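The following note sets out points for a colleague who is examining this structure. Please read the numbered points alongside the sequence and the coordinates.

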Amino acid sequence: MITLPTESEKTSRIRMTLNGELTDVSFAPYKTLLEVLREDLGHTGTKHGCELGECGACAVLLGGKPVLSCLVLALECDGANVLTVEGLGADGKLHPLQDAFADLGAAQCGYCTPAILVTAKALLDQNPRPSRDEIRQALSGNLCRCTGYLQIFEAVEEAMVKIANQQVTAT
Amino acid sequence: MADQKSTATLPAKDAETKQGKLRVIGVPRRRVDARAKVTGQTRFADDIFLPRMVHCKLLRSPHPHARIKKIDVSRALVHPGVYLVLTGKDLSIEYGILPISQDEQALCLDHVRHVGDPIAAVIAREELTAFEALDLIDVEYELLTTISDPEEALATPEPRIHDYGEEGNVHKRVALEFGNVEQSFAEADEVFEDVFFYQGSTHLPIEQHAAVAIKDPDGKLTIWSSTQTPHYLHRALAKVLEMPAAHIRVIATPNGGGFGGKSDPFNHEIVVAKAALVLDRPVKICLTREEVFYCHRGRHPVLMKFKTGVKRDGTITGMHLQTLIDGGAYGSYGVASTFYTGALQTTTYHIPRYRFQGCRAFTNKPPCGPKRGHGTVQPRFGQEVQLDKIAEKLAIDPAELRLRIVEKSDTVTANFLRLGTVHLAECIRRVVKSSGWHDKFRKLPEGRGVGLACSAYLTGAGLPIYWNKMPHSGVQLKLDRGGGIAVFCGATEIGQGSDDVLAGIVAEVLGVSTFDIRLFTGDTDLGPVDLGSYSSRVTLMAGNAAIQAAERAKAMLAEAVAQQLEVPKENLTFADNRVFDEAAPDKCVTFAEAVCMAEAMFGTVGTVGSYTPPKSPALYKGGGVGPSPTYSYTAAVIEVEVSPTTGWITVPKIWIAHDIGRALNPTLARGQVEGSVYMGLGEALMEEQEFRRLPKKLSHALVHKFPSMLEYKSPTSLDMPEVFTELIEEPDPRGPFGAKEVGQGPLLPIMPAVANAVYDAVGVRIDEVPITPEKIMKALAEKKAGRAPRYGPSHFPNIEWPEALRVPPPWEGGDGNAVNEPARRAKPRPEKEKVHNS
């Protein structure tokens, strides 16, 4: 009979708000937030690229701030508020950032895209009208090998205009 | 950095073709796979989780070169959670991407050739368990001398890394001669000799390789893998597993970036396939980043020597190029890479006489293979930097010099490459104008400079990797009564936009929207064969096949509708999901109705299309590398700032013009140009697949210097300059709607343009890549000391070259054969029906 090594047993448990939903999950204690999201919660939108906190592909929002989920222990996230790419759209519609990235070629292979989208969202939440240099700075931790970044900057710039207009029409 | 948005000046002129104004092709649009990618729903290989799935980890050699004396897996086998342990004897059949270098084993049987060479595989219930069990495998190694670079390989015939190849640790030597170059040097006013070194670099796709294999419910094998070449993986699996290919299904998952790094059949793919068959359970593997560095197949380091004769007006009389390339531990694409280092020199500027000698050596390092530009990048760097030196010596402006000697369209070059359309002159003129070249070149203040370089690249390798006469790409269409269209094709989406190309073309021809199309690509069971995503072949080859299939479907529909509406079928237009006679608007049916009419008339509506490249005039041995249906051209001007005190280089602006024929989707085409510029800058400034020896008292072993993304530097959003892209759209009839490649060509001129700009800025020549501040400081010190202001290799070793195959150029009566080799008259292939737009 093939037994399960003790360290793999799902003995830890947290309750967090994931993409606006209260979520309970149990997992092996050693797992990172990234591994729990992907393997225990089936949220495979968040990616891994280096297991070293260097490439940025695992970025998610923790309490509204971008963090590298491969460097965060899931145990640290009890009671936390986590946003991943899966939580970006609303009422069946894409977030303006997603629409702009799709329309302007900001996603080619799409592997780094989820992390860049949530990082860009955090930027716009905190600074609705960032300059091109501020966008560069905010995304400097997210490596992309396909696009050369320029179409990503343009997509963020288009999205910020759309969001600003939405707010005007909304009030 | 100025806040100005870098805009691409897209040609506004209407793209007129026989069918009138184009609605889909040439129109910037959202790519068909965009929504999945921006919502994180694209299913990459590692996103696949299946019930009862188990995990595999590979034990990799810590030694660069050793014999395996003994391997004992007994302790690993009894570790809790371990199901299976495989070693070399379980998978001993050799394979490899090229038929002539089948030199790899899924798990090394007795000879490890580089740090990271896999020797055993553990399959366990949890990934962590498999990882732990690796340490329970006891291996006894007998260390062998390690070879760290090609010159060491030339000097160290024993021990042999492989028992095939030329001799000793020389893998391949080639020598080709097109006309008498010695005479061309005698006729020249000036002869230039320069040595350059191009360091290796790796693809660094953000997605690590991953694969999942299962034994299907009906007992066949299915494997999902992040691969650029499902067809070649399919063949390798059939060979190694000794299974009929009909019982194997390879599904290429969307690659999270490939760039050439996922275009060999890999150890981990074969291992999980075998394990799945043995265990009758899904088996998954995902490589760590460190393992991706050991897979490599990246840019070959190349030492090269250019000898070029020119007249005073800049015309080239002859060129002799020698390359010594560091192949790493296995063949991979290496024989092709070797030929590629000598193939494309003749495609940009007229070179009447040309001699090429190339040598690839084995070394105990991860194997090199095709990285974006595959073997043509390194010599292009040398050629364009040498041309800058020639222009200076002859006191001719570098742009003016190139304009005088550019090759003309439809030329057959000295080495018998038949060019398609050549709009390189237009590219040069565009970037000279947009960059303000003449106001800046040799006129900017100290520390600021501009550099110009050009290049050419092939639109798909003209010959298949394994010799056969079958089409290189096939497309199947299924038209549904509901108006939906299914497109089946082996073409593999690696981020370059092949899905969007297929959908765009079929939508254009049949007058529907891309949203009405469902794509089934990269699946060896569902689509007809496409050879894979390499050599920039997919747009042209799969595109032409798609046009043929769509035209055939259109003909069926037109005939049926014509009969129903009693209208001559020539009058029918397919647009906006309708089929109608423009002259009589009431004569109109929906596309779905047209399909139903055709189905009623002909039966089930399904068509196929395929594409085979034209025969190449290069009949000599070795002439199989370089031919292509057509070639793209690029010119780039790069502005740099170099700090004379620190040598630090910043690149604020790049102007680049690319002869693309036609941009099928301008948004994506511009993305390919900017992505190429980005990757070129990485190689120009910072990327190195570098190795060092551990101290003698440790093991003196040769190890990778930066096997992680922490040390292996690649450009971030802060490094990327503004890029002004101009797409030159003069349709080339050989391409679908006139399209040529754009995925690799724009990378080539970046590195030489940076080197030329650095010289313009601070007057030092850096004749090697990457161009780092440290090298600039050393060159500035040489300059201050009054010595040659240069950093770079000083000598090229003398190599015993084989007797060259002598192939007289076309203008010296040559017929494409070598005079000192039995004439190889290629059997005339039945003339393929004219493929498209016929």
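1. Strand E26 (residues 631-642) of chain B is joined to E27(B) by 9 bridges, and the two strands run antiparallel.

2. The model is predicted: local features need pLDDT of at least 70 and side-chain atom pairs count only at pLDDT 80 or more, whereas totals for chains, interfaces and linings use all residues. Residues are numbered from 1 along each chain as its sequence is written, and chains are lettered from A and ligands numbered from 1 in the order in which they are written.

3. E27(B) also pairs with strand E30 (residues 722-728) of chain B, through 7 bridges and in parallel. In E30(B), B:Glu722 is the bridge partner of B:Lys653. Strand E27 (residues 649-659) of chain B is largely enclosed by the rest of the structure, because 8 of its 11 residues are buried. A residue is buried if 20 or more other C-beta atoms lie within 10 Å of its own, exposed if 12 or fewer, and partly exposed in between, with C-beta atoms placed from the backbone.

4. Which residues touch the most other members of the largest nonpolar core? They are B:Val506, B:Val754 and B:Val758, in a core of 301 residues. Helix H15 (residues 538-565) of chain B gives the most to this core, with 16 residues. A nonpolar core is a set of buried Ala, Val, Leu, Ile, Met, Phe, Trp, Tyr and Cys residues joined through C-beta atoms within 7 Å. Leaving aside residues up to four places away in sequence, B:Val758 touches residues including B:Val640, B:Val642 and B:Ile649.

5. Helix H10 (residues 377-393) of chain B has 17 residues, which at 1.5 Å a residue should span 24 Å; the end C-alpha atoms are 25 Å apart, which agrees. The expected span is 1.5 Å times one less than the number of residues. Of the 17 residues of H10(B), 13 are buried. Just after H10(B), B:Ala395 takes a positive phi of about 55°.

6. At the interface, 49 residues of chain A are in contact with 52 residues of chain B; contact requires C-beta atoms, placed from the backbone, within 7 Å. On the chain A side, helix H2 (96-103), helix H3 (113-126), helix H4 (132-138) and helix H5 (150-170) each supply at least two residues. The largest share, 4 residues, comes from H2(A).

7. Chain A comprises 5 helices and 5 strands, in the order β-β-α-β-β-β-α-α-α-α along the sequence. Of its 171 residues, 56% count as buried.

8. Chain B has 19 helices and 34 strands. The radius of gyration of chain B is 27 Å, close to the 28 Å that the globule rule gives for 838 residues, so chain B is as compact as a globular protein of that length. This radius is taken over C-alpha atoms, and the rule is 2.2 Å times the number of residues to the power 0.38. Of the 838 residues of chain B, 61% count as buried.

Conventions:
Two strands pair if DSSP finds at least two bridges between them. Two residues are in contact if their C-beta atoms, placed from the backbone, lie within 7 Å.
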